[in-house]
Amino acid sequence: MDTELLTVSQTAQYLKLSEKTVRRMIGNGSLPASKVANRSWRIRSCDIDDYVMSSYNNVLREPEMNYGHHEPEEQTETEKAQGPRLISLFSGCGGMDLGFKKAGFDIVYANDFDADAQAVYALNLGKIDGRDILTVDEDDIPAGDILTAGFPCQPFSNAGNRKGVHDSRGMLYKECLRIIKKTMPKVIVFENVKGLLSTKYIDGRNLADVIMEDLSTMSDIGYDVVYQLVNAADYGVPQNRQRVLFVGIRKDLGIKFKFPEKQNRSNLTLRNVLDVPDDTPNNVDWPFSPQALDMIENIPEGGSWKDVPYEHLAPRFQRIRDNMKRYHSPNFYRRFSRDEICGTMTASAQPENCGIIHPTENRRFTVREVARIQTFPDDFNFITDTPRNITAMYKVIGNAVPVTLAYNIAISIMEQVFTDK
């Protein structure tokens, strides 16, 4: 087999790369080849195997970690360059990517269509492809060892219309499959809302089962896929935020992913989050309307709209109060106390949708406070120079994957798949 000569096309198919990438590797000398015609090359199979082995071994060993409530550790530039290559789809403002970067992964491609998310990502993490994923050719995606995707969650969210796959955004995960089929990375990570687990596919099957099947049979190789509903508070995030995570490992690697053990929830209450120094960037809030403020002033720490005297309720809330059973006793305008773990931060940042009210001050959490609740470090910058941009930052932060949740999943993947045993 050592003397078998392969064409560029055969080599590209074997390495799961584009022919253009293989030719570039030949040109820069990373893959030895012999020229037999003007643009025709032959590559020895033993040289291909040597390249594969060097790529597999060129990974980062896991450093010693403290699995309590911790800040992700910075990696050196050398370590970053040696990390497994990360392809990030539906990247948002970079919560997932920052967590994986802190764990030692090297981001080689990121994509998101939202202009506000793009601006924040570029400010903090670097280059991002802003094209609609529907227009991105598979050959434009570089080779990668792992692909992550937080495809749009609104079609499956309990806070939305729950149209699921009947919403055009609900089928965007198929774009992930298109790119996975071309790149065949070692690991796949999908993140979405809890509502995905109760969503039916167009043929009546459970959507989670469809995703499992699609990945398990991919390109006659397939992935061993596990999924789990996780609470971010169990992984160092000061927020009760439930999300479903799918992790698939290519079957030829013979590994089935095991989710990390839950962590202690100590030091996750709001009291440990809201001590933001005065000179911290982006520590500004989006003011409430006068009508909302009239209600908020009557809500005690740890309370909700149910504590507001009837005469101070807006008319629509009076109608709900008049018939609580019909409206399933909603718990709007939740003001979490300093000794509670915060609820889920949503993109809307409205008190009807999430506990966005400060425990003791009659205002929204600031952009920086919400970022802390999502475990973005204080040196991760947002754009708060105009009222419009301030509102947009709540959206991109609320849509993000909490950094520390991503980091803990990334560390487990690094240990189980990419670290020499």
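Mentor: P377 lies in the loop that joins helix 11 (367–373) to helix 12. The model is a predicted one, and the values that follow are computed from it. Leaving aside residues up to four places away in sequence, P377 is in contact with L98 and R368. P377 also lies 9.8 Å from T404, C-alpha to C-alpha, although the two are 27 residues apart in sequence.

Helix 5 covers residues 95–102 and helix 13 covers residues 403–418. Their axes are 7 Å apart, and the packing angle is about 45°. Because of that angle, helix 5 is classed as oblique to helix 13. The crossing of helix 5 and helix 13 is right-handed.

Helix 12 (residues 387–399) packs against helix 6 (residues 115–124) at an angle of about 85°, with the axes 10 Å apart. Helix 6 and helix 12 are therefore roughly perpendicular to each other. Helix 6 contributes D116, A117 and V120 to the contact, while helix 12 contributes R388, A392, M393, K395 and V396. The residues of this contact between helix 6 and helix 12 divide into 5 nonpolar, no polar and 3 charged.

The axes of helix 7 (residues 173–183) and helix 8 come within 11 Å and cross at roughly 10°. That angle makes helix 7 roughly parallel to helix 8. Y173, K174, L177 and I180 of helix 7 meet L207, V210, I211, D214 and L215 of helix 8. The contact of helix 7 with helix 8 holds 7 nonpolar, no polar and 2 charged residues.

Helix 8 (residues 207–216) lies across strand 7 (187–193), strand 8 and strand 9, and runs at about 150° to strand 8. These strands belong to an open sheet of 6 strands with mixed pairing, in the order 5-4-6-7-9-8. Strand 5 (106–110) and strand 8 (223–231) are its edge strands, each pairing on one side only. Neighbouring strands of the sheet are turned by 20° against each other on average, direction ignored. Strand 8 pairs with strand 9 (residues 242–250) in the antiparallel sense, over 9 bridges. Within this part of the sheet, Y227 has F246 in strand 9 as its bridge partner.

The structure holds 14 aromatic pairs. One of them is formed by W305 and F317, a tilted pair with 5.7 Å centre to centre and 50° between the planes. W305 is in the loop between helix 9 (290–296) and helix 10 (315–322), whereas F317 is in helix 10, so placed that the pair links distant parts of the chain, 12 residues apart.

Key
Residues are numbered from 1 along each chain as its sequence is written. This is a predicted model: local features need pLDDT of at least 70, side-chain atom pairs count only at pLDDT 80 or more; totals for chains, interfaces and linings use all residues. Side-chain values use heavy atoms; hydrogens and water are left out. Two strands pair if DSSP finds at least two bridges between them. Helices (H or I, at least four residues) and strands (E, at least two) are DSSP runs, numbered from the N terminus. Axes are lines fitted to C-alpha atoms, for helices over the stretch in contact, and angles run from 0 to 180 degrees between N-to-C directions. Contact means heavy atoms within 4.5 Å. Angles under 35 degrees count as roughly parallel, over 145 as roughly antiparallel, 65 to 115 as roughly perpendicular and the rest as oblique. Ala, Val, Leu, Ile, Met, Phe, Trp, Tyr, Cys and Pro count as nonpolar, Asp, Glu, Lys and Arg as charged, and the others, Gly among them, as polar. A crossing is left-handed if the near helix is turned anticlockwise from the far one by less than a right angle, and right-handed if clockwise. Rings of Phe, Tyr and Trp (its six-membered ring) pair if their centres lie within 6.5 Å; planes under 30 degrees apart count as stacked, over 60 as edge-to-face and the rest as tilted.
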